[in-house]
Amino acid sequence: MTDPVTLDGQGSIGEFDEKRAEAAVRELLLAVGEDPDREGLRETPGRVARAYKEIFAGLYQQPEDVLTTTFDLGHDEMVLVKDIEVFSTCEHHLVPFRGVAHVGYIPASTGKITGLSKLARLVDVYARRPQVQERLTTQIAESLMSILEPRGVIVVIECEHMCMSMRGIRKPGAKTLTSAVRGQLRDPATRAEAMSLIMAS
Ligand SMILES: Nc1nc2c(ncn2[C@@H]2O[C@H](COP(=O)(O)OP(=O)(O)OP(=O)(O)O)[C@@H](O)[C@H]2O)c(=O)[nH]1
Ligand SMILES: [Zn+2]
């Protein structure tokens, strides 16, 4: 069993309880006036439970699990991975929000860097949890700062929230932008350079 995640108070049960999720989905179907025993819905609680297990898999992972491959390359200039696809779940309505993340950092002078794919894996660890976009953004920035100990980090996330598109205010297409900037990337010139690379198409 994986240790319960304690970062920012997220996660406490330690592992996904599939039977409980299945019972809850069955109950929800009854609550909306559906018949969970009809042909088309019979397998649905089990399917939804398995889907949630995937969608919230990040509750049972830590950033250290994915930021594993670090090299000493002596590279101490900015590394930026743009347009990392984000699929997450709004913790207020449990509906998706999706978009892209841009993750950049300036390695320490010793040049401790990570594999590029690991940045995308890190995004997934935090995206696969019940989330708000602001917390997702800062968790990515702070875990990079503590694990790679770089000179600076920038994380910019742009997402459309289904809770604003398909219900409620119903504004499809509205995008939310959040950023978290740490260390030397707070310097206005460095930050401007990073932002111009992020915004360039
Ligand atoms: N700051 C922030 N707000 C979010 C995020 N995802 C959803 N929300 C907002 O969370 C708020 C929840 O507001 P409530 O008034 O409690 O819920 P509601 O009555 O369903 O709100 P409406 O969506 O306005 O109908 C809404 O304004 C959502 O747009 C997020 O990632 N960050
Ligand atoms: Zn929402």
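User: How many bridges join β2 to β3, and do they run parallel or antiparallel?
Analyst: Strand β2 (residues 79-90) and strand β3 (residues 96-106) are joined by 9 bridges and run antiparallel. Strands here are DSSP E runs of at least two residues, helices are H or I runs of at least four, and both are numbered from the N terminus. This is a predicted model; local features need pLDDT of at least 70, side-chain atom pairs count only at pLDDT 80 or more, and totals for chains, interfaces and linings use all residues. Residues are numbered from 1 along each chain as its sequence is written, with chains lettered from A and ligands numbered from 1 in the order in which they are written.

User: What stands opposite Val81?
Analyst: Val103 in β3.

User: Which sheet order do we get?
Analyst: β5-β2-β3-β6-β7. That is an open sheet of 5 strands with mixed pairing. Two strands pair if DSSP finds at least two bridges between them.

User: Which strands stand at the edges?
Analyst: β5 (130-131) and β7 (176-183). Each has a single partner strand, so one side of each is left without a neighbour in the sheet.

User: Which strands does α5 lie across?
Analyst: β2, β3, β5, β6 (152-161) and β7. Its angle to β7 is about 25°. Axes are lines fitted to C-alpha atoms, for helices over the stretch in contact, and angles run from 0 to 180 degrees between N-to-C directions. Contact means C-beta atoms, placed from the backbone, within 7 Å.

User: And α7?
Analyst: Helix α7 (residues 188-199) lies across β2, β3, β6 and β7, at about 40° to β6.

User: Switching to the ligand. What surrounds ligand 1?
Analyst: Cys90, His92, Val132, Gln133, Glu134, His161, Cys163, Met164, Gly168 and Ile169. A residue is near a molecule if its C-beta atom, placed from the backbone, lies within 6 Å of it.

User: Which helices supply that shell?
Analyst: α5 (133-148) and α6 (162-165) each give at least two residues.

User: Now the whole chain. How many helices and strands?
Analyst: 7 helices and 7 strands. The pattern along the sequence is α-α-α-β-β-β-β-α-β-α-β-α-β-α.

User: What box do the C-alpha atoms fill?
Analyst: Roughly 60 × 40 × 25 Å, along the principal axes.

Conventions. Contact = placed C-beta atoms within 7 Å.
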